[in-house]
Amino acid sequence: MSEQPRGETPESVADLQAQLHSAGYLAGRGLATAALIGMRLGRPILLEGEVGVGKTEMAKCLAQIGGRQLIRLQCYEGIDTYQALYEWDYARQMLQVRALSESELTDTTAVSGLYGPDFLIERPLLSAVRAGREAVLLIDEIDRADDEFEAFLLELLSDFQITIPEIGTITAPSRPMVVLTSNRTRELHDALRRRCLYHWIGYPSFDEEIQIVRLRAPEAVETLARKVVAAVQRLRDMDLAKPPGVAETLDWVDALGVLGTEDLDVAAAADTIGAVIKDRDDLELVEAELGRVVADA
């Protein structure tokens with residue numbers, strides 16, 4: 001299926017599901033419904049779920065099928081507004097100052113020009129405001145940012161305008177599509193949640209995960225794919241610190257494919273378990289149970 005016209009909204013939930021499928025993403029009706037409503041109402045979408053279940057990938061695919069620019073803001077502890085909004089190119093400003101003559105340094109116009117558009121470095125939020133509906137703004141792992149940054153985002157998502165003292169107020173020509181993701185490392189404030197449409201992305205069922213593997217790794221042998229998915233689902237039932245997500249399922253299939261393995265037995269699992277288990281304590285627990293983990297589905 002071809003991409004929809006840039007910035008246009010799919011006609012129905014089924015249409016959006018089909019477009020996402022063509023981009024390699026299997027979206028349930030609930031997720032596709034939330035995305036479609038968000039597009040039409042101009043409301044941010046908050047996606048929560050375990051690590052590796054496809055929250056970030058959903059935003060990427062929404063940008064792809066709509067022909068929109070994906071603008072990603074990766075949140076982390078200590079991120080501040082300037083790192084997310086804009087900053088001045090101080091190196092270029094210093095070079096410009098050195099190039100000015102003594103008389104020009106006393107010229108108010110020449111000096112104020114140092115804080116003009118030519119010296120402004122756009123960060124993700126300013127880029128998204130300027131792009132408007134031509135962009136999908138992905139605010140990834142918002143739960144890693146602190147309360148102050150979350151409060152700042154709350155105001156931005158309400159007005160979609162940014163004031164730069166030296167330049168003035170920049171207002172979005174239209175609202176970009178906004179997708180926020182959270183792994184629930186901390187609780188988000190109710191004020192932010194109320195401004196978003198919400199969807200929880202859980203682990204897929206066995207049949208759903210098989211469909212995802214077929215979609216993303218069509219070259220995988222069917223028997224191997226089914227055994228990998230069955231093994232991953234057993235791993236999720238174990239008391240692991242970091243249960244594997246769908247991303248790890250695909251990594252495991254790919255790793256086995258690199259080795260030319262068409263079956264998942266204890267030996268093959270032991271050789272490639274690092275593709276799916278990413279914690280030392282979990283590794284020791286799983287290695288002791290590999291026989292049960294890779295038992296026939």
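**Exercise 1. Which residues of helix 8 are buried?**

Solution. Pro 124, Leu 125, Leu 126, Ser 127, Ala 128, Val 129 and Ala 131 are the buried residues of helix 8. Here buried means under 20% relative accessible area, with a 1.4 Å probe and protein chains only. Helices are DSSP runs (H or I, at least four residues), numbered from the N terminus. Next comes Gly 132, whose phi is positive, near 60°.

A word on the model: it is predicted, local features need pLDDT of at least 70, side-chain atom pairs count only at pLDDT 80 or more, and totals for chains, interfaces and linings use all residues. Residues are numbered from 1 along each chain as its sequence is written, and side-chain values use heavy atoms, leaving out hydrogens and water.

**Exercise 2. Find how helix 1 and helix 3 are oriented to each other.**

Solution. Start with the axes, which are lines fitted to C-alpha atoms over the stretch in contact, with angles from 0 to 180 degrees between N-to-C directions. Those of helix 1 (residues 13–22) and helix 3 (residues 55–66) come within 9 Å and cross at roughly 100°. The two helices are therefore roughly perpendicular, a label for 65 to 115 degrees. Then list the contact (heavy atoms within 4.5 Å): helix 1 gives Leu 16, Gln 19 and Leu 20, while helix 3 gives Met 58, Cys 61, Leu 62 and Ile 65.

**Exercise 3. Is Val 276 buried or exposed?**

Solution. First locate Val 276, in the loop between helix 14 (266–272) and helix 15 (280–287). Its relative accessible area is 1%, so Val 276 is buried. Not counting residues up to four places away in sequence, Val 276 touches Val 232, Leu 235, Pro 244, Glu 248 and Trp 252.

Terms used:
Angles under 35 degrees count as roughly parallel, over 145 as roughly antiparallel, 65 to 115 as roughly perpendicular and the rest as oblique. Buried means under 20% relative accessible area, exposed over 50%, partly exposed in between (1.4 Å probe, protein chains only).
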